[in-house]
Amino acid sequence: MRVIKQPGAPGAERIQWVEARGRAFAFTLQAGLPLLEAARRGLAAEGFTGGVLNFGAGALGPFGYVMPALSKTGENAAFYSDTFRPEGVTRVRLGSMTLGMRDGAPFFHCHGLWTEADGKTSGGHMLPDVTVVAEPFEVEAFGLDGAMFTAEPDPETNFKLFGPVAAGSTGARTTRRAFALRLRPNQDFAGCLEAFCRAHGIARAKIHGGVGSTIGARFTHGGVTEPFATELAITSGAIVPGASGALEAALDVALIDYTGGIAEGLLVRGDNPVLMTMELVLEVVE
């Protein structure tokens with residue numbers, strides 16, 4: 001399996017997790033609000049202070065983003081590009097977001113693909129402080145009660161990254177048992193989730209959210225992303241019993257690599273290691 005050396009020593013806990021309760025619902029982001037505030041308000045209206053989002057077509061402007069890039073200093077295994085601020089309205093095709101807390105205030109980690117006003121197709125990491133909802137659009141959310149994603153320094157990667165922490169109940173209405181997860185580097189994406197579900201007696205689970213990076217990518221349709229640094233969003237995912245009865249993770253993703261290459265599809269199980277991080281929520285459905 002592909003491995004990228006990180007600047008810090010790997011921690012003993014390779015999957016950070018917190019068990020919680022949650023509920024799936026949809027809401028519409030309000031035009032004219034910063035994307036961060038629009039997402040926060042939508043979750044808050046249902047009684048949640050944090051959670052994850054997935055969305056399809058949407059419109060953003062003003063808009064700011066960065067792409068994955070090589071590290072110029074060697075202080076990180078990979079880094080970010082300079083900031084892009086395309087003019088006009090950017091038409092988002094898909095996205096996935098983790099909404100949590102950083103430095104005591106709401107913050108998000110959001111990846112997606114989009115088309116800019118001049119027709120350029122791109123993707124990457126949306127910036128919460130400069131991105132505004134240009135037109136109303138609907139998102140699918142999963143609110144968490146009892147857990148929160150909080151950004152904290154991560155010695156292994158030398159980044160400040162979202163990870164799940166236990167949180168007090170807000171009293172929001174919930175319907176399902178759920179787990180907030182963060183997968184650490186250099187372990188297979190699907191294999192991590194399958195092992196986690198076996199260890200916790202989970203027979204079936206649905207993935208909500210899903211923001212992170214893999215070391216390149218290998219797809220079941222035969223496509224290969226060779227550049228090692230990516231920004232990835234899960235478009236759909238589940239862990240279910242396979243033909244043999246063993247649990248299998250089906251992970252449909254979309255990503256952009258540091259050369260600007262875009263790829264989409266179902267990941268090969270056993271051949272897609274995490275680069276920096278992978279945040280998601282598992283909803284237990286059986």
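Modeller: A residue is called buried if its relative accessible area is under 20%, exposed if it is over 50%, and partly exposed in between, with a 1.4 Å probe and protein chains only. The model is predicted, so local features need pLDDT of at least 70 and side-chain atom pairs count only at pLDDT 80 or more, whereas totals for chains, interfaces and linings use all residues. Residues are numbered from 1 along each chain as its sequence is written, and side-chain values use heavy atoms, with hydrogens and water left out.

Let us turn to the rings. A pair of aromatic rings is described by the distance of the centres and the angle of the planes. Rings of Phe, Tyr and Trp (its six-membered ring) pair if their centres lie within 6.5 Å; planes under 30 degrees apart count as stacked, over 60 as edge-to-face, and the rest as tilted. This rule gives 16 aromatic pairs. One of them joins F79 and Y80, whose centres are 5.7 Å apart; their planes stand at 55 degrees, so this pair is tilted. F79 has a relative accessibility of 39% and therefore counts as partly exposed. Y80 is partly exposed too, at 31%.

The rings of F107 and F162 are edge-to-face, because their planes meet at 70 degrees, with 6.4 Å between the centres. F107 belongs to strand β8 (residues 105-115) and F162 to strand β13 (residues 159-166), so the pair ties together parts 55 residues apart in sequence. Strands (E, at least two residues) and helices (H or I, at least four) are DSSP runs, numbered from the N terminus. With a relative accessible area of 27%, F107 is partly exposed, whereas F162, at 4%, is buried.

F107 also has a charged neighbour. A charge sits over a ring if NZ of Lys or CZ of Arg is within 6 Å of the ring centre and within 35 degrees of the ring normal. R102 lies over the face of F107, 5.2 Å from the ring centre. Likewise, the charged end of K120 sits over the ring of F84, at 5.0 Å from its centre. F84 is in turn part of a cluster that ring pairs form with F63, Y65 and W114.

The context is the whole chain. The protein chain has 2 helices and 19 strands. Its radius of gyration, taken over C-alpha atoms, is 18 Å, close to the 19 Å that the globule rule gives for 286 residues, so the chain is as compact as a globular protein of that length; the rule is 2.2 Å times the number of residues to the power 0.38. Along the principal axes, the C-alpha atoms fill a box of roughly 50 × 45 × 35 Å. Of the 286 residues, 56% count as buried. Contact means heavy atoms within 4.5 Å. Among contacts with a separation of 6 or more, 73% are between residues 24 or more positions apart.

Two strands pair if DSSP finds at least two bridges between them. β15 pairs with strand β16 (residues 224-241) in the antiparallel sense over 7 bridges, and K206 has A238 in β16 as its bridge partner. β15 is also joined by 7 bridges to strand β19 (residues 274-284), again antiparallel, and G212 stands opposite M278 in β19.
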